[in-house]
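These are my notebook entries on one protein chain. I set out each term where I first needed it.

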Amino acid sequence: MTTALTTKMLPADAAAVTEAARRLAEGGLVAFPTETVYGLGADATNAAAIARLYEAKGRPLFNPLISHVEGLSSAHRIARFDATAITLAQAFWPGPLTLVLPRREGCEVADLATAGLETIAVRVPAHPVAHAILKKLGRPVVAPSANLSGHVSPTNAAHVQADLAGRIDLIVDGGPVAVGLESTIVGCFERPMLLRPGGLPREEIERVLGRPLARPAPEAESNDSQPLAPGMLTSHYAPRARVRLNAQSIARGEALLAFGSAPVPEQDKAAAVLNLSERGDPAEAATHLFGYLRSLDATGARTIAVMPIPSDGLGEAINDRLRRAAAGRE
Ligand code: TXA
Ligand code: MG
C-alpha cells in the first residue's frame, strides 16, 4: 500500500449503514460486524475494489473470497443450487454457514473474487448491521475476515483497527460478535463436503442432511499450493507467540489459555492466564478464542500453552483454529 488512508470508525447506527453502503458503492473498503467475525467488505462486482482488498490484507491472490448477499433470491443470481444446497440454505440462512456452489453463468461477481474457480462461496450473514448494509447496497459484497492475512480473525472493532488502520476506509463498530469463529464452509459437490469447520457445528448440518459430511482427502488439505478450500493453509490464525497444544502442565513464563474448572499442574508458574470457559462450554469458548489469543500474545509471553478442549460441537472448529495457530511454530 503506497499511501496511508484515514480509517474512520463509526458506531453501527443508521447513518453508519448509509455511509458504509455509499463507500462500498464508490469502491471503498469497509469493515463491518457479522455474527461470526468482523468482515472486510468490498463491492463484489468491482474488480479494482477487490484488488485493493487483497492488497490491504496482504492476502495471496489464489485465495478466493466469500460473496455475502442479503437473502436466498440474491444468492440464486450468482450461484446454482441443487436440492442439497436448497435444503441447507433453508435450514441455516441467515447464519454461520457458507456454501460453495457452481458459479452461475453471467454471475456479476468479479473473477478476481473467485480466483478463477468455477465455483463460488456464498453466505447470508445473520447480523442485523451486515444485513442492513447488504440491503442498502443491493449488490453482493466480498468479505474476508478483517485481519491481516495469516493473523487471528477479529471479534471486535478494536481488533480490526489494530490490524488494518491506515489500510481501509471505514470500520463500523457493532460491538463484540456473537459466535467468534468463522462460518462453516460446505462444498455442495457430488457428496456434500465439510471444507472448513466453523461457527455452525457439523452435527447440526448432518442432522438436517440425514447423513455424514465428507471430508477432503488429507492431501487436498495439506497441499498448501492447491488446497480444496484454498484459504485453509496449514499455518494460519497465528499469534506471534509459539502455541503449545494439549498442555498438561505449565513451564515458568508461559501464558495459559485454560478451559474448564480444573486447574493445570504448576498453573501458578504462568505469566498470564485466561480461561475460555470455566464451565466448559464450547460456545462460550468460541466467543473468547481469538480475543484471548490476541491478549495473551500482547503480554509478550514467548509461548501460549493451551489446555485440551473436547472436539464435539464447536470444539471441532476451535481445535482446527488452534492447530493452525500452532503450525509452523513448533
Ligand atoms: O465467517 C466468515 O466466513 C467470515 C465473515 C466475514 O463472513 N469470512 C471469512 O472469510 O472467514 P475468509 O476469506 O477469511 O475465508 C474464506 C474461506 C477461505 O478459506 C477461502 O479459501 C474459502 O473460503 N473459499 C472461498 N471461495 C471458495 C471456493 N470457491 N471454493 C473453496 N473454498 C473457497
Ligand atoms: Mg480469514
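I began with accessibility: buried means under 20% relative accessible area, exposed over 50%, and partly exposed in between (1.4 Å probe, protein chains only). I was working on a predicted model, in which local features need pLDDT of at least 70, side-chain atom pairs count only at pLDDT 80 or more, and totals for chains, interfaces and linings use all residues. Residues are numbered from 1 along each chain as its sequence is written, chains are lettered from A and ligands numbered from 1 in the order in which they are written, and side-chain values use heavy atoms, with hydrogens and water left out.

Entry: salt bridges

I took a salt bridge as a side-chain nitrogen of Lys or Arg within 4 Å of a carboxyl oxygen of Asp or Glu. The count under this rule is 19. I looked up Lys8 and Glu19, whose side chains form a salt bridge at 3.1 Å, N to O. Lys8 belongs to strand β1 (residues 8-11) and Glu19 to helix α1 (residues 14-25), 11 residues apart; helices (H or I, at least four residues) and strands (E, at least two) are DSSP runs, numbered from the N terminus. Lys8 counts as partly exposed because its relative accessibility is 34%, while Glu19 is buried at 12%.

Glu19 also forms a salt bridge with Arg23 at 3.0 Å, N to O. The two are four residues apart in helix α1, so about one helical turn separates them. Arg23 is buried, as is Glu19.

I then turned to Glu35 and Arg123, which form a salt bridge at 2.9 Å, N to O. Glu35 sits in the loop between β2 (30-33) and β3 (38-43) and Arg123 in strand β6, so this pair ties together parts 88 residues apart in sequence. Glu35 is buried, with a relative accessible area of 8%, and Arg123 is buried with 2%. I noted too that salt bridges with shared partners join Lys8, Glu19, Arg22, Arg23 and Glu26 into one network.

Ile120 lies in strand β6 (residues 119-123) and is buried, at 1% relative accessibility. With contact meaning heavy atoms within 4.5 Å, and neighbours within four places in sequence left aside, the contacts of Ile120 include Ser67, Leu99, Cys107 and Thr114.

I defined a nonpolar core as a set of buried Ala, Val, Leu, Ile, Met, Phe, Trp, Tyr and Cys residues joined through side-chain atoms within 4.5 Å. The largest has 47 residues, of which Phe81, Trp93, Leu97, Leu99, Val122, Ile168 and Ile205 touch the most other members. Helix α2 (residues 47-57) gives the most to this core, with five residues.

Entry: domains

An automatic or database domain assignment supplies the bounds: domain 1 is 8-221 and domain 2 is 242-326. Their C-alpha centres lie 27 Å apart. I found 26 residues of domain 1 in contact with 15 of domain 2.

For buried area I used the accessible area (1.4 Å probe) that two parts lose on being put together, summed over both. The two domains bury about 1500 Å² between them, 55% of it on carbon and sulfur atoms. Val152, Leu181 and Pro197 supply 36% of the area that domain 1 buries against domain 2, more than any other three residues. Four salt bridges are counted between the domains.
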